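Have the sequence and the structure open as you read.

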Amino acid sequence: LLRLNFGILTLHFIQMAMFVVVPGALIATGDLPVSEHWEVYLPVVLASFVLMIPPLLAAERHGRSRRLFLGSIALLVAAQVGLTWWATGLVTIAAWLLGFFVAFNLLEAAIPSLVTRVAPARARGTALGVYNTTQAFGLFAGGALGGLLAKHYGAAGVFMAAAALGLVWVAVAAG
């Protein structure tokens, strides 16, 4: 349960930290004013739901849920690295965001399911309460520390810190 709680904290930390700087990255492209950012976010999120279904079904059918879980964390890390080094325009930012959201949606679905499976029946309510609290703390810490990182190191610093935290998560989850 500790590893799963670390995972949900990390997932939401990364989400909030990166969304401290993603709007600025979209503005920096010069292609899209803030009032039109939804034109990137909405299609990316909708497409991510469609793209997550085939690997999810295949993993369930072939008993490879663990592989999908670890692969999703790796994709999350790759998206952060991609946003650092290869997000040079609107299309590339959208592509890396798509990768992030596919991974995010897969993990967001998997972790609470795993918590309920791993927790003893008599402690499921407590386990889910701790899970939700940890998730909320990840949201808070990601926004706060993401802002601090952005102030001192810019968007690249935020994305690289998120990638580093994601690598720690891979190690924790693989244990």
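## How the packing is described

Two packed helices are described by the angle between their axes and by the distance between those axes. Axes here are lines fitted to C-alpha atoms, for helices over the stretch in contact, and the angles run from 0 to 180 degrees between N-to-C directions. Please keep in mind that this is a predicted model.

## H1 against H3

Helix H1 spans 2-28 and helix H3 spans 65-85. The two pack at an angle of about 25 degrees, and their axes lie 12 Å apart. H1 is therefore roughly parallel to H3, as angles under 35 degrees count as roughly parallel. The crossing of H1 past H3 is left-handed.

On the H1 side, the contact is made by Leu 4, Leu 11, Ile 14 and Met 18, which meet Phe 69, Leu 76, Gln 80 and Leu 83 in H3. By class, the residues of this contact are seven nonpolar, one polar and no charged.

## H3 against H5

How are H3 and H5 oriented to each other? These helices pack at an angle of about 165 degrees, with 8 Å between their axes, so they are roughly antiparallel. Their crossing is left-handed.

Residues in H3 that take part in this contact include Phe 69, Leu 70, Ile 73, Val 77 and Trp 85, and among their counterparts in H5 are Phe 159, Met 160, Leu 167, Trp 169 and Val 170. The contact of H3 with H5 holds 19 nonpolar residues, three polar and one charged.

## The largest pocket

What is the volume of the largest pocket? The value is about 450 Å³. Of its 20 lining residues, Leu 4, Ser 65, Phe 69, Ala 110 and Leu 114 are the closest to the centre.

Helices H1, H2 (38-62), H3, H4 (90-118) and H5 (124-174) each supply at least two residues of the lining. H4 gives the largest share, with seven residues. The lining divides into 12 nonpolar residues, four polar and four charged.

Terms used
Residues numbered from 1 in each chain as written. Predicted model: local features only at pLDDT ≥ 70, side-chain atom pairs only at ≥ 80, totals over all residues. Heavy atoms only, no water. 1 Å grid on protein atoms, 1.4 Å probe; cavity = no way out; pocket = protein on both sides within 12 Å on 5 of 7 lines; lining within 4 Å. Points joined across faces, edges and corners; volume = space filled by probe spheres on them. Helix = DSSP H or I, 4+ residues; strand = E, 2+ residues; numbered from the N terminus. Nonpolar A, V, L, I, M, F, W, Y, C, P; charged D, E, K, R; others polar. Parallel < 35°, antiparallel > 145°, perpendicular 65-115°, else oblique. Left-handed = near helix turned anticlockwise from the far one by under 90°. Contact = heavy atoms within 4.5 Å.
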